[in-house]
Amino acid sequence: MSTGSHALADRDELAQLPGQPFVAYRGDALHVEDVALKALAGQYGTPLFVYSKAAMLAALGAYQRGFAGRQAQICYAMKANSSLGVLQVFAKAGCGFDIVSGGELERVLAAGGDAQKIIFSGVGKTRAEMRQALSVGIGCFNVESASELDVLSDVASQMGLKAPVSIRVNPNVDPKTHPYISTGLKGNKFGVAHEDALRIYQHAAKLKGLKVVGIDCHIGSQITDTTPYLDAMDRVLELVAAIEGVGITLEHIDFGGGLGINYNHDTPPEADALWQLLLAKLDARGYGHKKLMIEPGRSLVGNAGVCLTEVLYVKPGEQKNFCIVDAAMNDLPRPAMYQAFHAIVPIAAAGPDAVAATFDVVGPICESGDWLGRDRPLLVAPGDHLAVLSAGAYCMSMASNYNTRGRAAELLVDGSTVHLIRERESAQDQMRHERLVTD
Ligand code: LLP
């Protein structure tokens, strides 16, 4: 290790931050839109999530451009980030929502979302969740098994309703992503097998509590290549032809989500470029007139957010140097769960006491799996702040209270305006629903 007073580590590298231009350096000071992050860390404390509204709307804009002139509904897959202030941005922009639980449904409605633009995905919907969704009139249930169809029909019939359904088919296409986030292969729990789909559609069409309205697929997440999408579309369109061939009309085709983002020199296609290819295929196969639905999550919010953390200690070691920070796997679970990479960068110039070394950046949690980044060249001293980048998706929504750590605060930046959209959680908040046993 060495100490020094140079400014930022590698300017060329830092100039290429994922998420630009909404997360960018001005001189040595990292900004989200027009707000310097150093000031936010000082005012609100850390760990702290900071989101750019403009980045979210720009990401949405790429999809909207891709679908210009088409009948299409973008349903934000809110599992990526379900904070109310984030949902509100998408609701105001006219998005629908892809939900996977009754809790998510309540969040969408609380954020001002339109029930008719909600689609309900997931392999394990309960009867209570079905009733809840039917009573507010959601747009469609994406059903994942024959037995779920029977239960949904039963629940809807008891309410004197017909549930709108789409069946999630499993195209058996390899999305070439991490095994935990690939969902469209035969061994996955999701959807119905391609070869069973026609029979299951015929069964659905006979159930009196259902109205078949669409077909659905979702092959995985963090997909950076166009080929799996094009292959999945071929497989789904084969089925559309077969299903309509037996007299069942499909009003919409839902291609799921899954488009990747740039975490670490990843080069996913832009949403509009991907959809240009997919729409050309749809048109060529004669289905360009159908209503399209999509369920993007990560690609709408992932690069809109950063997580700020303070360096607590710098701990040199024989084999490894550790940079111990105040954010941990409970705030940022992706490295521990998927060995995921998030860039970690300084938010201001280093001071004279800064140490230049290659560090494992780790949190305070009592687990060896509690790391945020491995082998990162950094120039840091205790008290400095770092930003974990590309932290808008699947971070806060997967955060936990492990080690009785309160969940972080969240800010939404809009130009130079800062909105607190979630207060830091206290220990009292965490204990609110617990009871001591009284004799
Ligand atoms: N639709 C369905 C049915 C899904 O299962 C998912 C994600 C999406 C849409 C949205 O996919 P996206 O556009 O965000 O890729 N926690 C993992 C990602 C799990 C994704 C699960 N399903 C991670 O942090 O990488």
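Predicted model: local features only at pLDDT ≥ 70, side-chain atom pairs only at ≥ 80, totals over all residues.
The residues of α9 that are buried are Pro228, Tyr229, Ala232, Met233, Val236, Leu237, Leu239, Val240 and Ile243. When α9 is viewed down its axis, these buried residues fall within an arc of 165°, and they therefore line one face of the helix. The length of the helix was also examined: α9 comprises 19 residues (residues 227–245), which at 1.5 Å a residue should span 27 Å, and the C-alpha atoms at its ends are 27 Å apart, in agreement with that expectation. Just after α9, Gly247 adopts a positive phi of about 90°.

The cysteines were considered next. A disulfide is a covalent bond between the sulfur atoms of two cysteines, and the structure holds zero disulfides. In the case of Cys75, the closest cysteine sulfur belongs to Cys95 and lies 8.0 Å away, which is too far for a bond, given that a disulfide requires sulfur atoms within 2.5 Å. For Cys366, the closest cysteine sulfur is that of Cys323, at 18 Å, again too far for a bond.

A pair of aromatic rings is described by the distance of the centres and the angle of the planes, and a search of the whole structure finds six aromatic pairs. Among them is the pair formed by Tyr76 and Phe97, which is edge-to-face, with 6.2 Å from centre to centre and 70° between the planes. This pair links distant parts of the chain, since Tyr76 belongs to strand β6 (residues 72–77) and Phe97 to strand β7 (residues 96–99), the two residues being 21 residues apart. Both Tyr76 and Phe97 are buried. Elsewhere, ring pairs join Phe67, Phe255 and Trp275 into a cluster.

Charged side chains were also found over aromatic rings. The charged end of Lys125 sits over the ring of Phe120, at 5.6 Å from the centre of that ring, while Arg374 lies over the face of Trp371, 4.1 Å from the ring centre.

Technical notes
Residues numbered from 1 in each chain as written. Heavy atoms only, no water. Helix = DSSP H or I, 4+ residues; strand = E, 2+ residues; numbered from the N terminus. Expected span 1.5 Å × (residues − 1). Buried < 20%, exposed > 50% of the residue type's maximum accessible area, 1.4 Å probe, protein only. Arc of directions from axis to C-beta. Phe/Tyr/Trp six-rings, centres within 6.5 Å; stacked < 30°, edge-to-face > 60°. Lys NZ or Arg CZ within 6 Å of the ring centre and 35° of its normal.
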